Amino acid sequence: MKTAARAGAVVILLTSLSAAGPLGRPADGPRRVTSTAFTPERPCHGHAAADFDGDGRSDHAIGAPYATVAGRVRAGAVAVSYGGHVGWLSMPAPGRDAGFGATLVTGDFNGDHCDDLAVGVPDQDPPRPGADGTGVVSLYYGSPRGLRPGRVLGVRDLRRTPRGDRFGTALEAGDLDGDGRDDLVVGAPGLSGGGGVAVYTRGLRTARLITQHTSWVGQRTSETDGFGSALAIGDFDGGHDRELAVGAPGDGDEASGAVTVLDPAAHRSRRITQDSAGVRGVPERYDRFGTAVAAVDADHDGVDELAVGAPGEDQTRIPENYAAGAVHVLHASGRDDLWTLRRAGGYDRFGTTLAAADLNGDGTDDLVASATGRAAVQVLTGHRGRGLSRGPLITSPAGRTSQFGWTLAARGRDLYVGAPGAGGFGGTVYRVHGRTRTPVQSGSDGELLGYAVV
């Protein structure tokens, strides 16, 4: 694989998880990526979520993209918890302002039963001072000895010249081609022409770029669409293939937003906006419909609903940071369940982040939606045969400026909530069980620990 850099790992063992850490149209066809595959020393046998070392227990990774590493401010680092101890990952040659750890996703990309970790570095290598980063994604492969450095992915894999693409802004993993291994999808919303997504399949040996210009997508574009800002894999139509939902919150008139559901296997797509049949509301300035997307089977019928965050939804035309926000839950039947917070405030930003989780253990997905402006997380409880009902509203123990809910991750009945603004923007991650909120790790001033959690 051709890359500009190669990832490495710096591991510092700590004693406890609670310890604080310091242009034209692209070709539609896939491209084979040449690389040396990672082969573990012995097979893994893990079956837990995010099990990096194959010991049968869930592990965790927490991004701190503004951490100072080797004297480089905002170079970024990732804390990885293996049971009772924590290690840190960083790039071997940390770059100032790179933002390593801004996004994270786990998946078994090589089929060895150890989960692997993909780390987004969307701010790395801006083409000129003050420009957006080109971005890369660093891979770390799971093994019985923990995560080991792998390849670095970038836009050169896609026959593109790096130019402020923000490659790695969004990450998603799931089996799109049915080969039993997780595929990796990378959002590059800054890609020239309105953004794009890279789909890595077949053990990440094949890379395909999908944009709004792709022949079977065929959409009109603007440079500010942000196509690839949010990603979710699910079965949204009850068909044979799994699909990919792609958020483009800058699309439409004055960033009203859009979501495109892609079926890469069948080469089908459908674009959804608030003008689409069955979708409630109307497109308005700064709604940013598609800022977050999630797949959630809230009625246990085997077909995923598509949850879409519109944190800019409001009845005013004031600047986009001041908005109540809303969450749309779109069913295959065409129905849209629209959710807002009770006693919504003018700057709640409800729908900034979405996640599916079974928090009550009844076997049916619940939907969790954050309102980062209020520093709160709303649980919408799923019910077999009935769908969602309003559950508890969980507020931040660190105040309204903590950005509580900036990122969300589920482990069984526990919900992990990132609050990168807590503690002077050092950041804190909380484990939420029921209504109990327990801090599990905090960062130092300015690290933004908790910006990403898996």
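In which loop does Asp 97 lie? Select Asp 97: this residue is in the loop between strand E4 (85–89) and strand E5 (103–107), where strands (E, at least two residues) are DSSP runs numbered from the N terminus.

**Before going further**

This is a predicted model, in which local features need pLDDT of at least 70, side-chain atom pairs count only at pLDDT 80 or more, and totals for chains, interfaces and linings use all residues. Residues are numbered from 1 along each chain as its sequence is written, and side-chain values use heavy atoms, with hydrogens and water left out.

Remain at Asp 97, whose phi is near 65°, a positive value in a residue other than glycine. Most residues other than glycine have a negative phi. At 30% relative accessibility, Asp 97 counts as partly exposed; the term covers values between buried (under 20% relative accessible area) and exposed (over 50%), with a 1.4 Å probe and protein chains only.

Next, select Arg 166, in the loop between strand E8 (148–153) and E9. Its phi, near 55°, is likewise a positive value in a residue other than glycine. Arg 166 has a relative accessible area of 23% and is partly exposed.

**The largest nonpolar core**

A nonpolar core is a set of buried Ala, Val, Leu, Ile, Met, Phe, Trp, Tyr and Cys residues joined through side-chain atoms within 4.5 Å. Select Ala 118, Leu 139, Phe 167, Leu 184, Val 186 and Tyr 200, which touch the most other members of the largest core, a set of 21 residues. The elements giving two or more residues to this core are strand E7 (136–141), strand E9 (170–174), strand E10 (183–188), E11 and E12. A second, separate core has 20 residues, including Val 80, Leu 89, Val 121 and Val 454.

Now centre the view on Tyr 200. Beyond its neighbours within four places in sequence, Tyr 200 is in contact (heavy atoms within 4.5 Å) with residues including Leu 153, Phe 167, Asp 183 and Thr 206.

**The second largest pocket**

Strand E11 (196–201) and strand E12 (206–210) each supply at least two lining residues.

**Confidence**

Finally, colour the chain by pLDDT, the predictor's confidence in each residue, from 0 to 100. The mean for the chain is 89, and 88% of its residues reach 70 or more. Over residues 1–28, pLDDT stays under 50. Where pLDDT is low, the predicted coordinates should not be read in detail.

Terms used:
Helix = DSSP H or I, 4+ residues; strand = E, 2+ residues; numbered from the N terminus.
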